[in-house]
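The sequence and structure come first.

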Amino acid sequence: MPTPSLDALPIRRLTLRDLTACADLSEDRGWPREEHKWGLLLAAGRGHGVDAPDGGLAAACVVTEYGPREQPSLAAVGMVLVAERHSRQGLGRRLMRHVLEEAGTTPLTLHATPLGRPLYEELGFKVTGQAEMVRGHFVPSGRPDVLTRTATADDLPALLRLDEEVFGMDRTHIVTRLPAFADQLRVAEEDGRIIGYAAAWPNMHTHVVGPLIARDTATAQALIASLAAHTNRPLRTDIDVRHRELLDWVKTRGLAPVAFNAVMTHGITELPGDWSRRFAPMTVAAS
């Protein structure tokens, strides 16, 4: 039988049953398998994929929506991947057009690598910011001035309120998954009030710091230091470049620059919420 053309292959919804195939696709493109992250994204978001005629996935991406379920306020696009053997044949463009069509009037955001950015610009996405990925073994220095502690179940209502205030919309379906997804979830307190929180979750050989929400840079520093104190793994995080003071600080503490990603939006000119307290996303794949 003749092999069907890529244009004829249907785009279907991905589920957790596709986790291994998604990890295989990551590996095919030279990315880490990141099965733990894929599991979260497929559970909390909506995966789209194209089955390859010769087995596995030819392409995939995940969309994570925020705000009211009936009419989301924002959707984040991540993990846009096309198998090497099917690349440069328009499959990524077709998948993204499908995402745009399904989103309708819902604004979109994504973090674009330099390789992917031209496609997104062609589809109408605009650069609205930048994030710098840093990674390395954290070198402690002194005792932070801000009190931090392990989060408890009783903190969840306050965390949800703070997160919605800073992010600009409801992320209950993400925040409530953090205790099971992350190895650490810590809060910063002042006078019994939570002024920031951060998680560290396992990704291959590192611990990713994110989300990182804090009242100010000193609070963000204290949260990072407290997470680092409880792991032997290298830390990795993606910090909004507007937080120059925090970026300079983590580099003096052993984290080195890895890459820059463009923050892009479609349908809005800037992300909602309070960027001054939003230091790093949970993962760039879910912005």
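N261 is found in strand 12; helices (H or I, at least four residues) and strands (E, at least two) are DSSP runs, numbered from the N terminus. The model is predicted: local features need pLDDT of at least 70, side-chain atom pairs count only at pLDDT 80 or more, and totals for chains, interfaces and linings use all residues. Residues are numbered from 1 along each chain as its sequence is written, and side-chain values use heavy atoms, with hydrogens and water left out.

N261 has a relative accessible area of 10% and is buried (buried means under 20% relative accessible area, exposed over 50%, partly exposed in between, with a 1.4 Å probe and protein chains only). Apart from neighbours within four places in sequence, N261 is in contact with H111, A112, T113, G129, Q130, A131 and D238, where contact means heavy atoms within 4.5 Å.

## The largest pocket

The volume of the largest pocket is about 1,300 Å³. On a 1 Å grid over the protein atoms alone, a pocket is an open set of points where a 1.4 Å probe fits, with protein on both sides within 12 Å along at least five of seven lines; lining residues have an atom within 4 Å of a point. Grid points are joined across faces, edges and corners, and the volume is the space filled by probe spheres set on the points.

The lining has 42 residues, and W31, V80, L81, T113 and L115 are the closest to the pocket centre. Strand 4 gives the most to the lining, with six residues. Elements that give two or more residues also include helix 3 (91–103) and strand 12 (256–266). By class, the lining has 21 nonpolar, 13 polar and eight charged residues (Ala, Val, Leu, Ile, Met, Phe, Trp, Tyr, Cys and Pro count as nonpolar, Asp, Glu, Lys and Arg as charged, the others, Gly among them, as polar).

## Aromatic pairs

The whole structure holds four aromatic pairs. Rings of Phe, Tyr and Trp (its six-membered ring) pair if their centres lie within 6.5 Å; planes under 30 degrees apart count as stacked, over 60 as edge-to-face and the rest as tilted. Y66 and F167 have ring centres 5.1 Å apart and planes at 70°, so this pair is edge-to-face. Y66 lies in strand 3 and F167 in helix 5, 101 residues apart in sequence. Y66 is buried at 1%, and F167 is buried at 5%.

F181 and W201 form a tilted pair, 5.0 Å centre to centre with 40° between the planes. Both F181 and W201 are buried.
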